[in-house]
Amino acid sequence: MILHAQTALLPEGWASNVRIIVTDGRIADVIPDSPPEGDSNALILPAPANLHSHTFQRAMAGLTEARTAGQDSFWTWRALMYRFVDHLTPEDVEAIAALAMIEMAEAGYAAAAEFHYLHHQPGGAPYANPAELSARIAAAAVDTGLGLTLLPVLYEQGGCDGRALAGGQLRFGCDLDRFQTLHAAARSALSRPDDAIGVAPHSLRAVSRASLAEVSRHQGPIHLHLAEQVAEVAEVQTAYGARPVEWALANLPVDQRWCMIHATQMKPFETAGLAATHAVAGLCPITEANLGDGIFDGPGWQAAGGRLGVGTDSNVQISLTGELRMLEYSQRLGQKARAVLADASRSTGRVLLDASLAGGAQAAGRRSGAIAPGLWADLMAPDTGPLDGLSGDTLLDAWIFATPDRPVANLWSAGRHIVRDGRHIARERVETRYRSHLAALKARA
Ligand code: ZN
């Protein structure tokens, strides 16, 4: 396959008339200043990996915005999520995942790291295939063509005190032996050369210290929810005598394989310490705003040379440009300043995209994130209609900050051309199936 871009963002910067040659899903060659040949696009950018998603939560989007308690919070939202979880069948899980993945592709993500913790039947009994629901996620990825890094989640306990799981949590739970079996079965559900697998101890609340040490031995990326909520900080501090990030730095082999999801509640020493490990901070700005988590210390993280990427987490709204905007806007609101994350040589949009490309690829364990030979051809062609007359970083800023929320004309995941003219090629079929599953789910629930 040959693509031509009038403008493309290459590792060395903006380039004109770029020919991109793709062979077997990988970028084989990149030749600037070439005459037009093949599929022509005004602008081609690398397409990042979405580094954190729970696809099933897409079906709850918009259903938890009414007041349920004296003061709604992350914890009242979680109670609703647990009730919803009990009604999902494997077919529902696949149908919802497929629609979420279509929306991710249409938003500009070429791959997703699925932090997958819904494993068992309601009540906790395993399916005949212990990785049945992991296999459903893998099937949705194949169906939609989106790249996948599957992160089977270890979820052992209801809190740092080791209390047993209850209610909706029973579908998540594994002891370490059961989890290792499930993880091996999940690995065998992956079939494409660009698929990847890692491991996700859910959080310091949900995994014992002994098991955290054990799963840290897995190959591939390791993702952990860390320091999202103030109450979680207090729980970890009481149980383990240190703040969550502080404890992780002292007790876990944190390095570039790790992705700490949220990392919202950090003191400056934790920010500096975590940044120095080269772990990725997995930020989910839309979900963090939706759940009222707090504001990530962007300037502190940048000053310490920290790596970051973005994820869609609860999938309440699936928008790459929206995540990048929210990340910067939260900083502006907190700092009472503009262009907070820009640096001396790059605009805000450029810094955000560069970071999410590198951080997303690292966190997903995916050889992608740039238009360069040898990497998977994870590429997008933004809809440049609204961007006439702009170029370079300004073009990127206008795309991120000032265009409507379905801004991608074409997208390729490992060379698979899955979004054409702004729509995913299987949208109609997958959306129809999703609607019928949601209607049946509503009737059951
Ligand atoms: Zn999450």
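Analyst: The account below starts at the metal and then follows the neighbouring loop and the helices.

The model is predicted, so local features are taken at pLDDT of at least 70 and side-chain atom pairs at 80 or more, whereas totals for chains, interfaces and linings use all residues. Numbering runs from 1 along each chain as its sequence is written, and side-chain values use heavy atoms, without hydrogens or water.

The zinc ion is held by His52 (NE2), His54 (NE2), His225 (NE2) and Asp313 (OD), at 2.1 to 2.5 Å. Donors here are N, O and S atoms within 2.8 Å of the metal (3.2 Å for Na, K and Ca); with water absent, a site may look incomplete. Around the zinc ion, the 4 donor atoms subtend angles of 83 to 171°. Along the sequence the donor residues follow the spacing H-x1-H-x170-H-x87-D.

Phe56 belongs to the loop that joins strand S5 (49-53) to helix H1; helices (H or I, at least four residues) and strands (E, at least two) are DSSP runs numbered from the N terminus. With a relative accessibility of 5%, Phe56 counts as buried. Its C-alpha lies 8.6 Å from that of Asn315, although 259 residues separate Phe56 and Asn315 in sequence. Beyond its neighbours within four places in sequence, Phe56 is in contact (heavy atoms within 4.5 Å) with Met81, Phe84, Val85, Leu88, Ile96, Tyr117 and Leu118.

Helix H1 spans residues 74-85. Its buried residues are Phe74, Thr76, Trp77, Arg78, Met81, Tyr82, Phe84 and Val85. Met81, Phe84 and Val85 are also among the residues that Phe56 contacts. The buried residues of H1 pack against helix H14 (427-444).

Next comes the pair formed by helix H2 (residues 90-107) and helix H3 (residues 132-144), which pack at about 35° with their axes 8 Å apart. Axes are lines fitted to C-alpha atoms, for helices over the stretch in contact, and angles run from 0 to 180 degrees between N-to-C directions. From H2, the residues that meet H3 include Val93, Ala97, Met101 and Ile102; from H3, those that meet H2 include Leu133, Ile137, Ala140 and Ala141. The buried set in H3 includes Leu133, Ser134, Ile137, Ala138 and Thr144. H2 is one of several elements against which the buried residues of H3 pack; the others are strand S6 (111-116), strand S7 (147-154), helix H4 (176-188), strand S16 (416-420) and strand S17 (423-424). After H3 comes Gly145, with a positive phi near 80°.

The last stop is Leu352, in helix H12. At 3% relative accessibility, Leu352 counts as buried. Its C-alpha is 9.3 Å from that of Val310, 42 residues away along the chain. Setting aside residues up to four places away in sequence, Leu352 touches Leu324, Leu327, Glu328, Leu341 and Phe401. In H13 (residues 392-402), the buried residues are Gly392, Asp393, Leu395, Leu396, Ala398, Trp399 and Ile400.

Technical notes
The expected span of a helix is 1.5 Å times one less than its number of residues. Buried means under 20% relative accessible area, exposed over 50%, partly exposed in between (1.4 Å probe, protein chains only). Four donors count as tetrahedral if all angles lie between 85 and 135 degrees; four count as square planar and six as octahedral if opposite donors are over 155 degrees apart and all others between 65 and 115; anything else is irregular.
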